[in-house]
Amino acid sequence: MRKPWIVGVLCAAVLVAATACGDPSSGAGSWPPSGPAHAAPAASASPSSAPSSRRRAIPSAPAERPTVLYLGDSLAMENQKVLGGLLREELGAEYTGAPYSGTTLCDYLDGTGDDSLVPPEDKAAALVRRLRPDVVILQFWGNAWGYTPCMDGITHDAARQEYFDRYRADARRLTERIAAAAGAVGTDRPKIVWVLQGPDPITPDRVRRVNAVYEKQAAASGDLLADAGRAVSPAAARYSWVRYLPCTASERGRPGDCTQPGRGRTALHREDDHLHFCLAPTTSTPRPCPVRSPGILRYTRAIGDAVADHLRN
């Protein structure tokens, strides 16, 4: 594996926001069906403007660049360009985003069937063999609605314990497949960064327990956590869902990022969508978010900070 050097650049404001479309969410918003609506991801696309919730100086280092792979669901679909721009600007990373809306962990496992939402060439193992990444970021909300074929009809409402058991097993299997794929091409095992999820207003304990699955898996395999969910939660209430949060100093300094400056607060979600952070309407065809969205900027900053902290050490 290449040594993950960090390129000496400062955080610049150069990202656009990116949208999720596709995860159904217990009755809120309008959701596309599975199947053809789940378009292939826009891998390695370049954003046109870059957010930063705070500016961080990145120390200079030799020029070999870290390779970062981003896998996930509709939240990853919406923010993939923002995160990619951030990692390129701050770390000089070679970045590939391969999210698919509506997915769970099992979709990225080999052998999950022809009806999987992720095609064979974009399974985790296939991408690791092809790209040989230094870091693999995994972003999964925890699809709980019988929407993903590879979950075999297991839903949070109907089979709660089976749902969490399946997530634990799939987290372990996905970690093992990533490690085996790296070994098969003679590279070191990439570091996995598990993204912790933000609050769910319908089933708040579900997200808490999904995050606990990721925390336990990361601890067991020596991997990392990125608590992006905390960045979109009230400071004193990690699992309390809110539509608005107080504007940060950097949001107040950028026109439009503090969406309600007169009230000192900014919107994380649209009125018709309590899951996604893109402030543009969802569409039947998944796409990166086309508008700057404070929730996306906060979320991706937390992920980028976790990756940068790892590569610095």
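This is a predicted model: local features need pLDDT of at least 70, side-chain atom pairs count only at pLDDT 80 or more; totals for chains, interfaces and linings use all residues.
**Entry 1: the layout**

Helices (H or I, at least four residues) and strands (E, at least two) are DSSP runs, numbered from the N terminus. With that in hand, I read the order of elements in the protein chain from the N terminus on as β-α-β-α-β-α-β-α-β-β-α-β-α. The chain holds 6 helices and 7 strands.

Residues are numbered from 1 along each chain as its sequence is written, and side-chain values use heavy atoms, with hydrogens and water left out.

I then looked up burial, where buried means under 20% relative accessible area, exposed over 50%, and partly exposed in between (1.4 Å probe, protein chains only). Of the 313 residues in the protein chain, 57% are buried. I also checked contacts, meaning heavy atoms within 4.5 Å. Among the contacts in the protein chain with a separation of 6 or more, 76% come from residues 24 or more positions apart.

**Entry 2**

Two packed helices are described by the angle between their axes and the distance between the axes. Here the axes are lines fitted to C-alpha atoms, for helices over the stretch in contact, and angles run from 0 to 180 degrees between N-to-C directions.

At what angle do helix α1 and helix α6 pack? I find about 45° for α1 (residues 74-91) and α6 (residues 294-312), with their axes 9 Å apart. That angle makes α1 oblique to α6; the scheme takes angles under 35 degrees as roughly parallel, over 145 as roughly antiparallel, 65 to 115 as roughly perpendicular and the rest as oblique. The crossing of α1 and α6 is right-handed. A crossing counts as right-handed if the near helix is turned clockwise from the far one by less than a right angle, and as left-handed if anticlockwise.

I went through the side of α1 that makes the contact and noted L75, E78, N79, V82, L83, L86, L87, E90 and L91. On α6 the partners are I296, L297, Y299, T300, R301, I303, G304, V307, A308 and L311. Sorted by class, the contact of α1 with α6 has 13 nonpolar, 3 polar and 3 charged residues. For the classes, Ala, Val, Leu, Ile, Met, Phe, Trp, Tyr, Cys and Pro count as nonpolar, Asp, Glu, Lys and Arg as charged, and the others, Gly among them, as polar.

**Entry 3: α3 against α4**

Next I turned to α3 and helix α4 (residues 204-221), whose axes come within 10 Å and cross at roughly 30°. That makes α3 roughly parallel to α4. This crossing, too, I logged as right-handed.

Which residues of α3 meet α4? They are R160, Q161, Y163, F164, Y167, R168, A171, R172 and T175, and they meet R206, R209, V210, V213, Y214, Q217 and S221 in α4. The contact of α3 with α4 divides into 7 nonpolar, 4 polar and 5 charged residues.

**Entry 4: the disulfides**

How many disulfides does the structure hold? I find 3, taking a disulfide as a pair of cysteine sulfur atoms within 2.5 Å. With the bonded cysteines numbered in sequence order, the pairing is 1-2, 3-4, 5-6.

C106 and C150 have their sulfur atoms 1.9 Å apart, and their link is right-handed, with 75° about the S-S bond. The pair links distant parts of the chain, 44 residues apart: C106 sits in the loop between β2 (94-97) and α2 (124-131), and C150 in the loop between β3 (135-139) and α3 (160-184). Both C106 and C150 are buried.

C247 is joined to C258 with S to S 1.9 Å, again a right-handed link, at 80° about the S-S bond. C247 lies in the loop between β6 (244-246) and α5 (249-252) and C258 in the loop between α5 and β7 (265-267), so this pair ties together parts 11 residues apart in sequence. C247 counts as buried at 7% relative accessibility, and C258 counts as buried at 8%.

C278 and C289 have sulfur atoms 2.0 Å apart, in a right-handed link with 75° about the S-S bond. C278 and C289 are each in the loop between β7 and α6, 11 residues apart. C278 is buried at 3% relative accessibility, and C289 is buried with a relative accessible area of 3%.

**Entry 5: V291**

Last, I looked up V291, found in the loop between β7 and α6. V291 is partly exposed, with a relative accessible area of 32%. Its C-alpha atom is separated by 6.8 Å from that of L279, 12 residues apart along the chain.
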